Amino acid sequence: MKTIKRISVVFALSFLAFNCSSDDDNNTIVDMEPDFSGTFMQQDQMGRPAVNTVFVSSASKDDFNVTIPSEQNAAFQSMFQTNLEGLSPAYANAGDKNALQLDAATFTGLLATDVLNVSLDGTTTFYDGTNVLTGRALADDVITVELLLIFGGEDFTENPQLSNDNVSANDKDFLPSFPYLASPW
């Protein structure tokens, strides 16, 4: 039995020694330059998370995702408005406005163009109580802000049961330096 164990140990060590060589001459260098040849197509747009999910009908999601932002408002604003008015009691009456003082048509016109605005000379935030849609910081509670603007009415007090996702912070702290995102679990 000892002989079999010794042979197994010798075999294992031989295998490791053979496969753990420091000979770097056998490495093949792979060109890591990106290949931009060919035709590419946009597959998803998420400048504002959940907007596409909520306001674009299932049959139109692919069309929305491949429509360039400058054409999205004309193509999808009416669908967004219909869905917003059907979803939110905060827009039940003509002329109802959200906390940004936007009526359903104006607000959905803003949402239908799926781009993330960025303030180059001010605060970058999705909403901080004063600044609205001037960018997005990692810690911004984007979904709650969207729920407030959709369901919260003119002062964020309407429909409180629908105006918060009840997720108050990221599950892990962000890093103080690049890449800033929390490390994986």
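Reply: A cavity here is a set of points, on a 1 Å grid over the protein atoms alone, where a 1.4 Å probe fits but cannot get out; lining residues have an atom within 4 Å of a point. Grid points are joined across faces, edges and corners, and a volume is the space filled by probe spheres set on the points.

This is a predicted model, in which local features need pLDDT of at least 70 and side-chain atom pairs count only at pLDDT 80 or more, while totals for chains, interfaces and linings use all residues. Residues are numbered from 1 along each chain as its sequence is written, and side-chain values use heavy atoms, with hydrogens and water left out.

By the cavity rule, the model has 1 cavity of 30 Å³ or more. The largest cavity holds about 70 Å³ of space. Its lining consists of Arg 48, Val 51, Phe 55, Phe 107, Leu 111, Phe 126, Leu 133, Glu 146, Leu 149 and Ile 150. Two or more lining residues come from each of α2 (51–55), α5 (104–112) and α6 (142–151); helices are DSSP runs (H or I, at least four residues) and strands are E runs of at least two, numbered from the N terminus. The largest share, 3 residues, belongs to α6.

By class, the lining has 8 nonpolar, no polar and 2 charged residues. Ala, Val, Leu, Ile, Met, Phe, Trp, Tyr, Cys and Pro count as nonpolar, Asp, Glu, Lys and Arg as charged, and the others, Gly among them, as polar.

Turning to α6, 9 of its 10 residues are buried, so α6 is largely enclosed by the rest of the structure. Buried means under 20% relative accessible area, exposed over 50%, and partly exposed in between (1.4 Å probe, protein chains only). The buried residues of α6 are Val 142, Thr 144, Val 145, Glu 146, Leu 147, Leu 148, Leu 149, Ile 150 and Phe 151. They pack against α2, α4 and α5, where contact means heavy atoms within 4.5 Å. After α6 comes Gly 153, with a positive phi near 70 degrees.

In α5, the buried residues are Ala 104, Phe 107, Thr 108, Gly 109, Leu 111 and Ala 112. These pack against α2, α3 (61–66), α4 (69–87) and α6.

As for the setting, the chain has 6 helices and 0 strands. Of its 185 residues, 28% count as buried.

Definitions and conventions
1 Å grid on protein atoms, 1.4 Å probe; cavity = no way out; pocket = protein on both sides within 12 Å on 5 of 7 lines; lining within 4 Å.
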